[in-house]
Amino acid sequence: MNFDFMIKLAYYFLYDLRINSKRGILLVIVSKLGFNFTRMLAAKILAGTRYYKILFDARAYETGYMFLEIAVAAVIFVLAMIIENNYDVKDNRIFNFNLWLLTLSLVVAVNSNMIPIPYRILWYININNVVFLPYLINIIQDKKKMILTKLCFVAMYVGYFLYEWNKGVDGVQRFVLWKS
């Protein structure tokens, strides 16, 4: 089965499941504790097999913690918590589905040191932020708060872009149109 298909298939089952920000935080904490336990258990069970080398190959885990992705997802999650507490979105299926994806993004980012090649998984989940962030901002009814929120997120994403661009995302360095 295709890896892309398996990740996107999970989206289908999340649409009708209800979640709120408190459960999301609990899920992130439990997943962090669970990943530690599961990884230790898998290492003991698979020791000496060829699967051990596949699962625990150091090259797959060389990213370590993805602090920037954790920070971006956490900031959007805090905005979602504020919206959830100040506006009536409890029965909103679109909000609920996007909150699930944001929670999964936090789960993957927080456990990025234990998941092989976490960037690939985050690409599939974080694309949702392109839709969810404007959706959250449009829920805000006070114009001054809406504009301030937009400016804060524009500044955050410009900083994120500049950091990633200067670092060279996945070994790809600055874009050059032509060589002189």
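**Reading a predicted helical model**

User: Why does N113 count as partly exposed?

Analyst: The relative accessibility of N113 is 22%. Buried requires under 20% and exposed requires over 50%, so N113, at 22%, counts as partly exposed. This is a predicted model, and N113 is found in its loop between α5 (93-110) and α6 (118-126). In sequence, N113 and M66 are 47 residues apart, yet their C-alpha atoms are 7.8 Å apart in space.

User: What makes up the secondary structure of the chain?

Analyst: The chain comes to eight helices and zero strands. Along the sequence, this gives the pattern α-α-α-α-α-α-α-α.

User: How much confidence does the predictor place in the chain?

Analyst: The average pLDDT of the chain is 80, and 82% of the residues score at least 70. Confidence is lowest in helix α3 (residues 50-55), where the mean is 68, and highest in α7, where it is 91.

User: Why is N111 called buried?

Analyst: Buried means under 20% relative accessible area, and N111 has a relative accessibility of 0%, so N111 counts as buried. N111 is found in the loop between α5 and α6. Beyond its neighbours within four places in sequence, N111 is in contact with S31, K32 and F35.

User: What makes the pair N111 and S31 a polar contact?

Analyst: The side chains of N111 and S31 are joined at 3.2 Å. The limit for the N or O atoms of a polar contact is within 3.5 Å, and the value of 3.2 Å for N111 and S31 meets it.

User: On which side of the burial cut-off does N128 fall, buried or exposed?

Analyst: N128 has 9% relative accessibility; the cut-off for buried is under 20%, so N128 counts as buried. N128 is found in the loop between α6 and α7. The side chain of N128 makes a polar contact of 3.5 Å with the side chain of N98. When neighbours within four places in sequence are left aside, N128 is in contact with N98, L101 and L102.

User: Which residues touch the most other members of the largest nonpolar core?

Analyst: This core has 40 residues, and those that touch the most other members are I76, L79, I83, F95, F132, L136 and F153. At least two residues of the core are supplied by each of α1 (3-14), α4 (67-86), α5, α6, α7 (129-139) and α8 (143-167). The largest share comes from α5, with eleven residues. In soluble globular proteins, nonpolar side chains tend to be buried together.

User: With which residues is I76 in contact, leaving aside its neighbours within four places in sequence?

Analyst: The contacts of I76 are L102, N129, F132, L133, L136, F153 and Y157.

User: Why is the pair of F95 and F132 called tilted?

Analyst: Three aromatic pairs are found in the whole structure. In the pair of F95 and F132, the ring centres are 5.8 Å apart and the planes are at 55 degrees. Centres must lie within 6.5 Å for a pair; planes under 30 degrees apart count as stacked, over 60 as edge-to-face and the rest as tilted. An angle of 55 degrees falls in that remaining range, so the pair is tilted. F95 lies in helix α5 and F132 in helix α7, so the pair ties together parts that are 37 residues apart in sequence.

User: How do you know that F95 and F132 are buried?

Analyst: The relative accessible area of F95 is 2%, and that of F132 is 0%.

User: What makes the pair of F132 and Y135 stacked?

Analyst: The ring centres of F132 and Y135 are 6.5 Å apart and their planes are at 20 degrees. Planes under 30 degrees apart count as stacked, so this pair is stacked. F132 and Y135 both lie in helix α7, three residues apart, which is about one turn of the helix. Y135 has 24% relative accessibility and counts as partly exposed. Together, F95, F132 and Y135 form one aromatic cluster.

Notes. Residues are numbered from 1 along each chain as its sequence is written. Side-chain values use heavy atoms; hydrogens and water are left out. Helices (H or I, at least four residues) and strands (E, at least two) are DSSP runs, numbered from the N terminus. Buried means under 20% relative accessible area, exposed over 50%, partly exposed in between (1.4 Å probe, protein chains only). A nonpolar core is a set of buried Ala, Val, Leu, Ile, Met, Phe, Trp, Tyr and Cys residues joined through side-chain atoms within 4.5 Å. Contact means heavy atoms within 4.5 Å. Rings of Phe, Tyr and Trp (its six-membered ring) pair if their centres lie within 6.5 Å; planes under 30 degrees apart count as stacked, over 60 as edge-to-face and the rest as tilted. pLDDT is the predictor's confidence in each residue, from 0 to 100. A polar contact is a pair of N or O atoms within 3.5 Å; within protein, one must be able to donate a hydrogen and the other to accept it, and residues adjacent in sequence count only if both atoms are side-chain atoms.
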